[in-house]
Each structure stands twice: as structure tokens, then as C-alpha cells.
Protein chains: 4
Amino acid sequence: MEKNEIGKELVVEKLNKRGVQIEEIANIVHIMQSPYQKNLTHEMCLESVESVLKKREVQHAVLVGIELDELAEKNLLTEPLLNLVKSDAGLFGCDEILALGITFGYGSIAISTFGHLDKIKIGIIKELDVKGSNKVHTFLDDLVAAIAAAAAGRVAHRYTNTA
Amino acid sequence: MEKNEIGKELVVEKLNKRGVQIEEIANIVHIMQSPYQKNLTHEMCLESVESVLKKREVQHAVLVGIELDELAEKNLLTEPLLNLVKSDAGLFGCDEILALGITFGYGSIAISTFGHLDKIKIGIIKELDVKGSNKVHTFLDDLVAAIAAAAAGRVAHRYTNTA
Amino acid sequence: MEKNEIGKELVVEKLNKRGVQIEEIANIVHIMQSPYQKNLTHEMCLESVESVLKKREVQHAVLVGIELDELAEKNLLTEPLLNLVKSDAGLFGCDEILALGITFGYGSIAISTFGHLDKIKIGIIKELDVKGSNKVHTFLDDLVAAIAAAAAGRVAHRYTNTA
Amino acid sequence: MEKNEIGKELVVEKLNKRGVQIEEIANIVHIMQSPYQKNLTHEMCLESVESVLKKREVQHAVLVGIELDELAEKNLLTEPLLNLVKSDAGLFGCDEILALGITFGYGSIAISTFGHLDKIKIGIIKELDVKGSNKVHTFLDDLVAAIAAAAAGRVAHRYTNTA
């Protein structure tokens with residue numbers, strides 16, 4: 001592997017350390033797409049999540065977002081950014097823009113699924129969104145929503161025969 | 001007014017002709033933002049919808065989308081595009097991309113609200129989404145969702161004092 | 001092939017009819033990426049263009065854009081949209097938004113290459129951009145720039161080993 | 001001013017500390033737009049830059065980007081992110097996505113101008129892009145290009161009468 005090459009494994013490891021299993025992301029994909037895909041299995045969803053995580057720009061976005069969350073937890077960001085990230089301010093926006101970049105490769109279904117997940121916050125996304133603990137998940141909840149949305153878009157395009 | 005200048009009035013008129021009142025768009029804005037804005041009135045939402053409709057690129061997107069819907073109704077598009085637009089195929093995507101462009105000016109809240117509305121389809125958006133009639137609203141339902149989402153993003157940024 | 005399935009061949013045919021050969025799009029990809037990829041061949045660029053054209057949402061965007069150009073040529077759009085499309089008004093925007101959607105799947109290099117091509121207009125893009133003739137290429141020049149940019153992004157990610 | 005409110009002044013100060021004067025950003029706006037706007041003055045460009053910097057999501061993006069550059073300079077990011085940011089890897093992408101978010105509010109001209117500036121790197125953007133020094137400007141050069149592009153889009157829409 002070349003210099004600067006990251007690999008899916010490292011990203012999965014980073015997600016795990018922050019409390020996110022990729023099976024939980026696959027669960028969300030399944031909830032979002034099973035109404036449209038009769039025979040959709042958890043395995044197909046998991047395979048799509050793993051495919052998304054192989055994409056270089058996705059890996060980079062996850063690294064940047066988790067780093068900022070961790071730096072905020074350790075109070076290693078400067079003000080006023082520290083407070084913005086720690087409080088997950090509703091109008092912050094950078095977390096959503098970074099996450100939105102993940103969905104771009106997967107069609108308009110991925111973008112609208114991301115928006116939807118950002119509002120309804122189900123499964124592991126909901127668990128991450130709990131404020132008040134010592135943990136900062138300002139970027140992570142959006143990243144997970146975006147990975148799920150991208151995988152949902154991939155599932156939609158892959159397993160639908162009619163345009 | 002200069003050549004090529006369109007104006008909000010023409011766009012409102014076009015929307016009305018296609019069965020959409022801007023008060024109905026304001027209703028959606030109110031439903032989406034009132035949980036976050038205690039004192040939000042219908043008037044504030046309507047003012048935001050009107051502000052969005054004053055933007056040139058928004059006006060253009062509405063004109064293009066409605067034109068394509070109307071051409072499809074009259075069978076004046078060529079195949080296979082005609083069938084794609086008439087059937088509002090789930091993987092079509094152009095309707096959502098055009099609409100997404102409307103939300104871009106209004107922050108990440110606008111983008112996620114658009115994605116959410118695209119899924120839950122409330123109010124006038126739901127009425128437009130009914131397939132099977134002679135009417136084609138493939139672009140219009142997304143345009144209305146995007147205008148509502150943009151106005152919601154504007155409301156969020158305008159009436160929230162803390163970042 | 002299923003209902004609504006379009007296929008790359010139809011899209012290539014549509015482009016040819018409008019005066020665009022995919023080899024000319026590959027030429028632009030080569031000009032844009034050869035400074036970064038020593039061993040980049042025309043064949044590699046052409047393969048990337050063809051890969052981009054296999055993507056469903058890309059096919060749809062090409063169909064919509066070419067349809068609007070052709071309808072404008074035949075004066076079959078209503079005013080004021082007809083004049084907006086015929087004059088390729090600089091602030092129109094819908095042509096660029098539709099094209100931008102094509103680049104979304106191919107990383108940030110694709111987006112910035114599109115912006116660059118939109119300004120410098122080289123090769124076949126320049127030929128299409130000539131105003132004053134009976135032909136309307138308002139959407140087509142942006143679509144071609146976006147396909148070239150997407151293929152350039154794909155080349156960059158595919159043939160670069162270091163992140 | 002409320003909690004979490006940042007203000008344009010703080011952002012200008014941050015930019016200054018990193019070696020960027022807003023007059024230099026206005027210069028780029030002038031170079032990009034003066035071919036289309038005969039009477040465009042430096043003051044009009046500067047006013048547009050300042051207007052862009054008043055936008056909350058723009059301020060947040062600048063804070064995040066500069067923070068990451070500074071953390072990289074001080075070796076306070078973890079690997080492999082540290083090396084990605086320090087080397088300004090061509091396929092990193094997060095710098096461009098964050099910057100792209102700034103342009104979204106300003107029409108398609110802003111997006112294509114950003115792509116163009118990202119390639120041609122003129123003026124202060126070029127000065128920032130010099131690799132090899134102790135300084136890390138991986139995010140800053142894209143942020144400046146995006147602010148200039150957004151201001152250029154604003155100028156185009158504001159001082160053009162015909163659509």
C-alpha cells in the first residue's frame with residue numbers, strides 16, 4: 001500500500017472505537033430501503049456500507065470528523081470553535097457539509113435519505129445524538145447518517161432494474 | 001425591468017396555475033420550523049417563501065421544472081424521457097438535483113429539510129405526489145419541497161440568535 | 001433490459017446527433033489530467049468517459065439537457081424560458097446545476113475541473129459555446145464539461161496510488 | 001451579541017493572522033468579474049467579500065479550516081490525518097468540500113469560479129499554495145478561493161440587470 005493510503009480497515013476501527021459498529025449502519029440502510037426492495041437482506045446492506053467505506057474521500061471525511069470530535073472532547077480546539085463543536089449548535093453546518101460530501105457519489109436518493117436521517121435520527125444515530133454526556137459526537141452522527149444514506153443510494157441503484 | 005428579468009409575480013402565477021398556493025408552502029415551513037422557533041408565525045414563514053421566490057436561480061428552476069411537467073402532460077417530450085418524467089421514476093434524479101440547487105443558498109438546514117420533505121411528503125407536496133391522474137408533477141413536488149426547505153433554512157438563520 | 005432502462009448506447013447516439021463524439025470528450029480529460037498522470041493514454045480517458053456514461057443519473061441528465069436545447073431550437077418552450085435558454089443567459093444557472101449533478105459522484109477534483117472547464121471552454125466545449133448560430137447548446141456545453149470533469153476525477157482516483 | 005455568535009471581525013482577524021488580507025480576496029473577485037462588469041470597482045468587490053464573511057456558515061467553515069491547518073502545523077493531529085493535511089494531498093477532498101459549502105449560497109457562477117480558482121490559483125491563493133515551508137495552508141487556500149468565488153457570484157447577480 002502506498003503512502004497516504006488509508007484503507008477501509010482503519011476507518012472501521014476508528015468507527016468502532018467511537019462506539020459505531022458497521023452492522024448498526026447496515027441496520028439503518030435496511031430500514032430505509034426495505035420498503036422499496038422486497039428481497040433486501042442485511043448482508044446486502046452491509047456489503048454496501050463496506051463498499052462506501054472503501055472510497056477514499058469517504059475515509060478522509062470520517063478521519064476529519066472523528067478527529068474534530070475527539071479534539072473537542074479533550075478541549076484541544078480553540079474558542080469559539082470549541083464551544084460550537086461541543087454544543088453541536090444547530091446552525092453550525094460544517095458537520096453536515098462534510099457528511100453531505102459522502103453522499104454525493106450515490107445519487108439523489110442518497111442526498112434525500114441523508115436529510116431524512118438527519119431529522120429522524122434512528123438507531124445508532126439516535127444513540128450518538130444524546131447531548132449532555134462527556135462524549136462529543138457532533139460530526140460522528142452526521143457521518144454515520146451520510147454513510148448509511150450513501151449505502152442506501154447504492155442499494156437503490158444496484159437492486160432496482162427499472163429506471 | 002430588463003430583458004430576461006422574470007420577477008416573483010410570474011413565478012407565483014405559474015405555481016398557482018399548477019395548483020400550488022404560496023400559503024400552502026408557508027404552512028410546510030411552519031410545520032418544519034415551529035418546533036425550534038416558539039414565536040414563529042405563518043406571516044414570518046410566508047415572508048420567507050416570498051424572499052426565496054425573489055431569487056433569480058430559484059425562479060429559473062421553477063420555470064424549467066414546470067415546463068418539463070407540462071410538456072410531459074402534453075406528450076411533447078421524446079422517449080425515453082417522456083416515460084421517465086410521466087412515471088416519476090424513483091431513480092430519475094434530475095427533479096431532485098434541480099430542486100436541490102434551490103436549497104443551496106440557505107445553509108445545511110435547508111438541505112436536510114429538503115431531504116426530509118422528499119421522504120415524508122406532507123401537505124401540498126403530498127397532494128402533488130398522487131400518481132395516476134392526468135397531471136404530471138414529477139418536478140413540481142420537488143420544487144415545492146425545495147422552496148419550503150429553503151424558506152425553513154432562512155427562518156432558522158434569521159430568527160435564531162445563538163449560532 | 002427493463003422498462004425505463006436507457007443504456008450507454010442511446011446516450012452516445014444522442015450526443016453524436018448533437019455534434020459531440022465521445023473521443024472529443026476523452027481529449028479534454030487527457031488535457032486536464034495528463035499533467036498529473038505521466039502515463040495517461042487516450043484509451044484510459046475514453047474508458048473513463050464510457051464508465052461515466054453508464055451511470056443512470058448521468059444518462060438522465062444528458063437526456064433532459066439535450067431535450068431542452070432541442071425544444072428551444074424549435075421554439076417549443078414557452079416564454080420567458082424560451083429566451084433564457086436560447087440566449088444562454090449567464091445567470092440562468094439550471095444548465096450548470098444539472099451538469100454539476102453529474103460530477104458529484106467523482107470527488108472534489110471532478111467538481112473543480114467542471115468549474116475550470118466552464119470558464120476556459122476548450123476543445124469541443126468551445127465549439128459548442130459559439131452563440132449566434134441556429135443551434136442551441138445551452139445545456140450541452142455544460143453537460144460535456146461535466147462528463148469530462150467526472151471522467152477526469154475518475155482517472156485521478158483510479159490511477160493515483162497515494163492519497 | 002448572543003452566545004456562539006462569532007461576527008465578521010473575528011473571522012477577518014483570523015484570516016489576517018494567517019496572512020490573508022480581505023483586500024487581497026477582493027482583488028481576486030475583481031480579476032474574475034471585471035471582464036463581465038465594466039464599472040466594477042475594488043470597493044464593490046470588497047463590499048461583497050465582507051457580505052460573504054457576515055454569513056454564519058461561512059464563518060464556521062473558516063474557523064474549522066484554519067483550526068485544522070494550525071493543528072497540522074503544530075503536529076497536533078493524529079496519523080494518518082496529520083500527514084494528509086500537511087502534504088495537501090491532491091485527493092484529500094475535505095478541504096474542497098468544506099470550501100464548496102461556502103459557495104453554495106451564491107449561485108452556479110460561484111461554484112464554477114471556485115473550481116476555476118482551485119486550478120489557476122492566482123494572487124494570494126497562489127502565495128498560500130506554496131508547499132515546503134513550515135506553514136500549512138491546506139484548508140486556507142481553498143477557503144480563500146471559495147470566499148472570492150462566493151463574492152464573485154454575488155457581484156454577478158447584484159450588478160447584472162438582465163438574467
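Predicted model: local features only at pLDDT ≥ 70, side-chain atom pairs only at ≥ 80, totals over all residues.

Student: At what angle do helix H2 and helix H3 of chain A pack, and how far apart are their axes?

Tutor: The angle runs between the N-to-C directions of the helices. For H2 (residues 22-33) and H3 (residues 42-53) of chain A, the angle is about 115 degrees, and the axes lie 8 Å apart.

Student: Which residues make the contact?

Tutor: H2(A) contributes Ile22(A), Glu23(A), Ile25(A), Ala26(A), Val29(A) and His30(A). From H3(A) come His42(A), Cys45(A), Leu46(A), Ser48(A), Val49(A) and Glu50(A). By class, the residues of this contact divide into 7 nonpolar, 3 polar and 2 charged.

Student: What is the secondary structure of chain A as a whole?

Tutor: Chain A has 9 helices and 0 strands, and its pattern along the sequence reads α-α-α-α-α-α-α-α-α. The radius of gyration is 15 Å, close to the 15 Å given by the globule rule for 163 residues, so chain A is as compact as a globular protein of that length. Along the principal axes, its C-alpha atoms fill a box of roughly 50 × 40 × 25 Å.

Student: What percentage of the residues of chain A count as buried?

Tutor: Burial is judged by counting neighbours: 20 or more other C-beta atoms within 10 Å make a residue buried. Of the 163 residues of chain A, 56% count as buried. As for contacts between residues at least 6 apart in sequence, 75% join residues at least 24 apart.

Student: How many residues does the contact take from chain D and from chain A?

Tutor: The size of an interface is often given as the accessible area lost when the parts come together. Counted in residues, the contact takes 25 from chain D and 25 from chain A. On the side of chain D that touches chain A, helices H4 (56-73), H5 (81-86) and H6 (94-103) of chain D each give two or more residues. H4(D) supplies the largest share, 7 residues. That side divides into 15 nonpolar, 7 polar and 3 charged residues.

Student: What rotation superposes chain D on chain A?

Tutor: A rotation of 180 degrees, with 0.0 Å of shift along its axis, superposes chain D on chain A at an RMSD of 0.0 Å. That is the relation of a two-fold axis. In chain D, the C-alpha nearest the axis belongs to Leu98(D), 3.1 Å from it. The same surface serves both copies, as 100% of the contact residues of chain D recur in chain A.

Definitions and conventions:
Residues numbered from 1 in each chain as written. Chains lettered and ligands numbered in written order. Least-squares fit on C-alpha atoms with pLDDT ≥ 70 in both. Contact = placed C-beta atoms within 7 Å. Axes fitted to C-alpha atoms, helices over the stretch in contact; angles between N-to-C directions. Helix = DSSP H or I, 4+ residues; strand = E, 2+ residues; numbered from the N terminus. Nonpolar A, V, L, I, M, F, W, Y, C, P; charged D, E, K, R; others polar. Rg over C-alpha atoms; globule rule 2.2 N^0.38 Å. Buried ≥ 20, exposed ≤ 12 C-beta atoms within 10 Å, placed from the backbone.
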